[in-house]
Amino acid sequence: MDTPVYKFEPQDYDVVYEPAEDTFLLLDALEDEQDTIKGRQPLVCVEIGPGSGVLISAIAKCFPAGQTHCIAFDINPAACRMTQRTSQLNRVAVDVVNMDLLGGLHPNSVDLLIFNPPYVPTQPIDGSLEEHAETFRSDGGQALIHSWAGGIDGMVVTDRVLNDLDRVLSAVGVFYLLLVKENNPSYVLDKVRRRGFLGTTIKERRIRGEHLYVLRIERKPDEANSLQ
C-alpha cells in the first residue's frame, strides 16, 4: 500500500494534524490487512477524523475507480479541505463531510471503518463535542488540540464511536482503531466482545514515550448472519 502524496501549506500546520508515527502505524496495519479488506469487497469505506486525508486516500487507491465509495468525516473544516486536497493530489475519489462522527450514516451501512482518535488523556472536556465545534472556526492554533486531546483516560470520543458501532457496521463490516496504552486496549477489547463483536490487537509499536496499538473489531459470524 503506497503512502499517498500530501502537501501542507504553512497555515495548515496550526489547524490540521500532520501525519506522524500513529498515522503510519495504522497505515502499516491496513497494508498488512489489505488482502482481508479486499476479500470483504467493501462498498462503503469511512474514516473518522481523517486530518491530512492520507489514510482514506490510501484505501481509495487500493480499489478500481467506482468499486468502493470512500467517505471521510471530520468536525474540523480545515481537515476537510486538506483531505480533499490530498485525494485530488492522488487522483482518487473521496467524499469529505464536515460532520461530527457517525450520526449521519444509515444503519448497517459501513463495510470498513477507520479511526485514529484523539487518544491522549487530558483534563475532562466540559460539555459535548458538538458544543466545541465552533472552536475549530474561531480559536486558530488551539484547534489542533482537539485532534489529540481525548479527555479523561483519552477515551471520550472513542467511546462515542464504540457505542454507535453496532448501528453503523454492516454484516461484513470491520473497524480498525488506533489506541495508546493509557486507553487500556485490553479493556476496550473485553468491552466490545461483551457487545457481540470479535476483537483483537493486530499491531503495536513503541515510539517516543508512547505504546501504540491497532485493534481490529468485527461482528461475530452469528451476528453477521442475522443482518444478511
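1. Let me start with the charged pairs: the structure holds 13 salt bridges, a salt bridge being a side-chain nitrogen of Lys or Arg within 4 Å of a carboxyl oxygen of Asp or Glu. Please keep in mind that this is a predicted model, in which local features need pLDDT of at least 70, side-chain atom pairs count only at pLDDT 80 or more, and totals for chains, interfaces and linings use all residues. Residues are numbered from 1 along each chain as its sequence is written, and side-chain values use heavy atoms, with hydrogens and water left out.

2. Helices (H or I, at least four residues) and strands (E, at least two) are DSSP runs, numbered from the N terminus. Lys203 is partly exposed at a relative accessible area of 21%, while Asp32 is exposed at 52%. For these words, buried means under 20% relative accessible area, exposed over 50%, and partly exposed in between (1.4 Å probe, protein chains only).

3. A second pair is Arg40 and Glu218, whose closest N and O atoms are 2.3 Å apart. Here too distant parts of the chain are linked: Arg40 sits in the loop between α2 (34-39) and β1 (44-48), and Glu218 in strand β7, 178 residues apart. Arg40 is partly exposed, with a relative accessible area of 24%, whereas Glu218 is buried at 15%. Both residues also belong to a network of salt bridges that includes Glu33 and Arg216.

4. Asp164 is buried at 18% relative accessible area, and Arg167 is partly exposed at 28%.

5. While you are at α6, have a look at Thr158, which lies in this helix. Thr158 is buried, with a relative accessible area of 1%. Leaving out residues up to four places away in sequence, Thr158 touches Phe115, Pro117, Leu177 and Leu179; contact means heavy atoms within 4.5 Å.

6. Now the sheet: 7 strands form an open sheet with mixed pairing, in the order β3-β2-β1-β4-β5-β7-β6. Two strands pair if DSSP finds at least two bridges between them. The edge strands β3 and β6 each pair on one side only. On average, neighbouring strands are turned by 15 degrees against each other, direction ignored. Axes are lines fitted to C-alpha atoms, for helices over the stretch in contact, and angles run from 0 to 180 degrees between N-to-C directions.

7. Within the sheet, β1 and β4 pair in the parallel sense over 4 bridges, and Val46 has Leu113 in β4 as its bridge partner. Two helices that pack on the sheet are worth a view. α1 touches β4, β5, β6 and β7, and its direction makes about 130 degrees with that of β6. α4 touches β2 and β3, its direction making about 175 degrees with that of β3.

8. Strands β2 and β3 (residues 95-98) run parallel and are joined by 4 bridges; Ala72 is partnered by Val96 in β3. Together with helix α4 (residues 77-89), β2 and β3 make a right-handed β-α-β unit. Right-handed means that, with the strands pointing away from the viewer, the path from the first strand over the helix to the second runs clockwise.

9. The largest nonpolar core has 30 residues, of which Leu30, Ile59, Val94 and Leu112 touch the most other members. Such a core is a set of buried Ala, Val, Leu, Ile, Met, Phe, Trp, Tyr and Cys residues joined through side-chain atoms within 4.5 Å. At least two residues each come from α1 (21-32), α3 (54-61), β2 (69-74), β4 (110-115), β5 (169-180) and β7 (210-219). Apart from this core lies another, of 28 residues, among them Val44, Leu101, Leu162 and Leu215.

10. Cys45, in strand β1, is buried at 0% relative accessible area. Its contacts beyond four places in sequence include Ile59, Cys70 and Leu112. Cys45 and Ile114 are 69 residues apart in sequence and 8.1 Å apart in space, C-alpha to C-alpha.
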